[in-house]
Amino acid sequence: MVVIGAGALGLSAALHCALAGRSVVVAERLAAGSQASGRAAGLFKSVQADELRTWLARRSIAKAISFADWAGVPLQVARSGGFLIARTARHRAFLARELAQSRGWGADVREAGGAQVAGRLGYYRAAGEQFALWCPEDIYIDEPGALLRAYLLACRRHGVVVAEHEPVVGIPVAGGQVAGVETAARQITAPVVIDAAGGWVRQVAGLAGAAVPVAPVRHQLLITEPVPEIDPGDPITRVVDAAVYLRPSRGGLMVGGFEHDPLPVDPRQQPPSFTTDDVPLDLGVLRRLAAQINLEAPAAGTAAVAEHRGGLFTMSPDGRFVAGPVPALPGLWVVSGCNGSGFSSSPALGEALATWITTGTPPPGVQALSPARFGPLSDDTLITRGRWQYARYYDPAPDQAEPAGIPSPAQSDRPG
Ligand SMILES: Cc1cc2nc3c(=O)[nH]c(=O)nc-3n(C[C@H](O)[C@H](O)[C@H](O)COP(=O)(O)OP(=O)(O)OC[C@H]3O[C@@H](n4cnc5c(N)ncnc54)[C@H](O)[C@@H]3O)c2cc1C
């Protein structure tokens, strides 16, 4: 089989297919892991908006921690835990709901008092009323390249051929079935092709005349210069009413967040040479987000910036992954719709897709991620929905009506 794209999702799918005994080639247009995956904050979050995502997130955390055991390659993981903090009544109610739900779905989440937050966090000080949850299962990978290197090494050890700087330029279809791929260098015959092209997933699917319902949207973060009060052992903090996340990084603070008016970027409308390096960055967005927590974590908004990076999320209309067989085109599969969690969900999502492809049956509940759940959607609808999902990343409780037209996730989407 051929996987198009060597980001976290493509490499994980390739590795799990190889572990299931398949012969796999990964064709990557640039360097492996150089696009969205290589820019990620590296955060794994155990509290999620529904049971299926909770299951995928927690299984991914378990697989990241035990990476050496199943993939045969060491991977360093910061088992920091994380706080979720709310400073408004509405967000407090939202976190209280998340606490009850997540516990019901098996996650270890506990209410945390002010003394516990103050005792564990050096870079954040409560400045007023707040409600906090402690999520001991949360982890992060300090530099995202570490996970990508581990995937790459494991892929190669298990016989996967990763062809870098080899863009896929065609997906031939014979008798209504995908027949392989055409790269800039050669033809590769294969009955199964996985489109894992991240921000380019739509134009890659388009090579076979297929459509994938996602809209790429910019996301950014910064890392400050080293700051004395930042203890590298401190946990992750997510301030949900400000839609900001923080964690220690390189002696400084990593600061990222979700603005209410995110920028859609469509690589199809860019020159063919477009890469993540061409995504326009805007430090003002991060400064405005950080200003909301300037009393609690002043370093987030004032410390000198050592690195500012960004890339594309692939947002789906319902905020859930898009993974499974592409309708009406046997042989073509997709793994996308990262919705900002593709890095951290890649271990379990790649595993689930590989199970589906190699056994013919998805793990329980995973069928709900199939791209077939959507009918045809215009680009305008995809962008409207994608921006809405992005703006409510930590807080899906709408303070304004959700755009019409897309059904909510079915209650029956229960993982086993
Ligand atoms: C700043 C930032 C912070 C983030 N933080 C987090 C986080 O903390 N936790 C989390 O879970 N997620 C995070 N994300 C999201 C995460 O990075 C993505 O969900 C994930 O990387 C998606 O992986 P991917 O494999 O789909 O995409 P990518 O990593 O972009 O990989 C797709 C690959 O496909 C290749 N490709 C494209 N077209 C072709 C072609 N024609 N032929 C061959 N190859 C092709 C591309 O070159 C690319 O390498 C963050 C994203 C950003 C931008």
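Biologist: What should I know before reading the model?

Modeller: Residues are numbered from 1 along each chain as its sequence is written. The model is predicted, so local features need pLDDT of at least 70 and side-chain atom pairs count only at pLDDT 80 or more, while totals for chains, interfaces and linings use all residues, and side-chain values use heavy atoms, with hydrogens and water left out.

Biologist: At what angle do the axes of helix α1 and helix α11 cross?

Modeller: Two packed helices are described by the angle between their axes and the distance between the axes. Here α1 (residues 8–19) and α11 (residues 342–359) have axes that come within 8 Å and cross at roughly 35°, where axes are lines fitted to C-alpha atoms over the stretch in contact, and angles run from 0 to 180 degrees between N-to-C directions. Helices are DSSP runs of H or I with at least four residues, and strands are runs of E with at least two.

Biologist: Which residues of α1 meet α11?

Modeller: Ala8, Leu9, Ser12, Ala13, His16 and Cys17 do so, contact meaning heavy atoms within 4.5 Å.

Biologist: Which residues of α3 are buried?

Modeller: Among them are Leu52, Leu56 and Ile61, buried meaning under 20% relative accessible area with a 1.4 Å probe, protein chains only. The buried residues of α3 pack against elements including α1 and α11.

Biologist: How many disulfides does the structure hold?

Modeller: A disulfide is a covalent bond between the sulfur atoms of two cysteines. This structure holds 0, by a cut-off of 2.5 Å between cysteine sulfur atoms. For Cys155, the nearest cysteine sulfur, that of Cys17, is 9.8 Å away, and Cys155 is buried, with a relative accessible area of 0%.

Technical notes. Buried < 20%, exposed > 50% of the residue type's maximum accessible area, 1.4 Å probe, protein only.
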